[in-house]
Amino acid sequence: MSKQWSRRTFIKSAAAGSMAILGYDPLLQSWITPAQAQTLSFKSLPKLDGTLLFDEASRNAVAVDRGNLFHRIPVAVLKPGSVQDVVKMVRYANKHSLKIAMRGQGHSRYGQAQAEAGIVIDSSTLNAIQPPAADSVDAGPGASWGDVAKTTLAKNLTPPVFADTMTLSVGGTLSVGGLGNTSQHFGAQVDNATELDVVTGDGRLVTCSQQRESELFNMVIAGLGQCGIIVRARIRLIPAPSNVILHNLVYDDLETYLADQKQVAMEGRFDHQYGTAGRKRNGPWSFTMQLGKFYTPPDEPNLAPLMAGLLFRSQAEPVRRSYSEYLHRMDARNADEVASGKSSRPSPIIVVWIPASATKDYVAPILAMSSDVLGVDLFSFWPLNTRRFTRPLFKVPNEEIAFSIWMFRSLARNDPAALSAMLESNRALLRQMIAVGGKDYRQYGIVMSQAEWVEHLGPDVWRRFSNAKKKFDPNKVLTPGPEIFHS
């Protein structure tokens with residue numbers, strides 16, 4: 001079991017010499033020993049409502065993410081007992097030139113939420129969800145979207161958008177985007193957050209929205225933790241359906257699949273829209289469009305007229321579920337990935353948004369890759385209406401319809417040559433994406449140079465982002481993992 005250290009226990013244990021090395025002091029560029037602990041920087045720890053962990057197991061646990069590519073060990077892990085703990089530790093990080101980052105469920109892939117020789121805040125203890133109002137609910141950053149759904153469904157209300165992993169944290173997805181299978185109507189989860197409490201990089205607790213401190217709001221939402229740490233979010237709610245009917249349509253031809261997906265997205269025929277490309281190992285590809293309608297019995301929708309004109313090869317029997325079951329439809333798959341050990345393999349995934357007009361030519365070389373080279377035989381692949389995405393840091397192509405392509409690539413452990421080849425393949429795919437006017441999902445993105453960030457955001461948004469960083473995090477203590485403003 002991890003040992004938990006309050007300030008008093010930490011100093012007492014250090015004086016007793018019960019630890020060989022406690023952490024790293026960047027001011028002296030040296031490791032802290034028990035004999036030094038009472039006179040060096042950690043002696044001045046603020047009084048906390050929660051606990052600060054220094055043991056090896058706790059620090060190693062937050063030094064990895066679902067990508068299994070980076071392992072950056074912090075000095076300490078904060079389990080905050082209050083929002084004020086976050087404020088105090090951000091101020092402490094400024095005073096002692098430490099980096100600090102908040103971590104949710106660790107679903108990033110390239111070390112974005114890690115803080116080497118710094119402090120990682122475990123958001124799971126800030127998981128309170130307030131009773132829903134008529135049109136919104138307030139949730140802490142460590143609350144899971146599954147718990148948000150449970151709370152709001154008790155009042156027959158729901159957020160408009162959920163990702164397909166209900167264990168993700170509110171603060172985590174609002175820091176990156178949060179896409180779901182209703183996004184063609186409602187945008188990303190960041191488009192449905194209306195107010196935030198944020199701890200800025202200089203240690204101020206600020207409430208922000210589009211009407212109040214709007215620039216801070218816009219530079220924190222989908223901002224990868226660069227200007228502030230989210231400690232409360234207000235999420236828009238709409239009436240919840242009680243049931244969902246899902247229908248899978250199967251295609252053999254890529255061009256037909258793309259045309260039908262685009263048509264459905266433009267017309268908004270269905271509440272749920274999803275798709276996949278799949279094959280048996282090195283076999284021919286097929287494409288599945290999954291469409292869904294929400295309803296309340298006994299008024300079950302008639303799907304036949306909604307599918308008029310679609311040129312699918314075959315169809316599966318429709319599946320009916322409660323809305324709650326629908327939200328948790330991927331839970332078993334996600335649990336299997338953990339139980340099988342697949343989630344612990346190196347996973348250099350790539351997620352891109354490609355303009356519809358360029359999608360066929362972009363995807364064709366991917367489909368030509370062998371199973372070993374591609375590293376996956378099933379990937380998600382469905383359209384988005386880009387006009388639904390409104391946040392300046394969540395970038396999408398300029399075309400009205402773009403296709404999202406999610407390649408959860410993975411490979412065996414301890415094969416550096418294969419990993420290097422797959423990362424180079426990702427870089428090539430990103431270069432091709434840029435050439436056709438696409439964008440990538442930064443939560444799952446390879447670390448980019450500052451010039452690449454300027455190209456990704458565009459010069460105007462980059463200027464706003466850079467100015468916000470200087471204003472709200474002047475010492476650059478927040479979230480070093482993405483290396484956006486790295487010197």
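## About the model

This is a predicted model, in which local features need pLDDT of at least 70, side-chain atom pairs count only at pLDDT 80 or more, and totals for chains, interfaces and linings use all residues. Residues are numbered from 1 along each chain as its sequence is written, and side-chain values use heavy atoms, with hydrogens and water left out.

The pLDDT is the predictor's confidence in each residue, from 0 to 100. Its mean over the protein chain is 91, and 91% of the residues reach 70 or more. Over residues 1-28 the pLDDT is below 50, and beyond near neighbours in sequence this stretch has 73 contacts in the model; a contact means heavy atoms within 4.5 Å. Residues 33-40 also have pLDDT below 50, with 20 contacts beyond near neighbours in sequence. Where pLDDT is low, the predicted coordinates should not be read in detail.

Helices (H or I, at least four residues) and strands (E, at least two) are DSSP runs, numbered from the N terminus. Two strands pair if DSSP finds at least two bridges between them. Buried means under 20% relative accessible area and exposed over 50%, with partly exposed in between (1.4 Å probe, protein chains only).

Strand E13 covers residues 243-251, and eight of its nine residues are buried, so E13 is largely enclosed by the rest of the structure. E13 pairs in the antiparallel sense with E15 (residues 286-295) over nine bridges. Leucine 249 also has a bridge partner in E16, glutamine 315; E16 (residues 314-315) and E13 are antiparallel, with two bridges. Four bridges join E13 to E17 (residues 319-322), again in the antiparallel sense, and here asparagine 243 stands opposite serine 322.

## A four-stranded open sheet

Elsewhere, four strands form an open sheet in the order E3-E4-E6-E5, with mixed pairing. Its edge strands, E3 (51-53) and E5 (100-103), each pair on one side only. From one strand to the next, the twist averages 25°. Helix H3 (residues 83-95) packs on this sheet, touching E3, E4, E5 and E6 (119-122), and its direction makes about 150° with that of E5. Axes are lines fitted to C-alpha atoms, for helices over the stretch in contact, and angles run from 0 to 180 degrees between N-to-C directions.

E3 and E4 (residues 76-79) run antiparallel and are joined by three bridges. Threonine 51 has lysine 79 in E4 as its bridge partner.

H11 (residues 356-367) has twelve residues and reaches 17 Å from its first C-alpha to its last, close to the 16 Å expected at 1.5 Å a residue. The expected span is 1.5 Å times one less than the number of residues. Among the buried residues of H11 are Tyr362, Val363 and Ile366.

H13 (residues 416-435) has 20 residues and reaches 29 Å, close to the 28 Å expected. Its buried residues include Met422, Leu429 and Met433. Seen down the axis, the buried residues of H13 fall within an arc of 155°, so they line one face of the helix. What covers them includes H11 and strand E18 (350-355). Pro416, Ala417 and Ala435 are exposed on the other side of H13.

Methods: Arc of directions from axis to C-beta.
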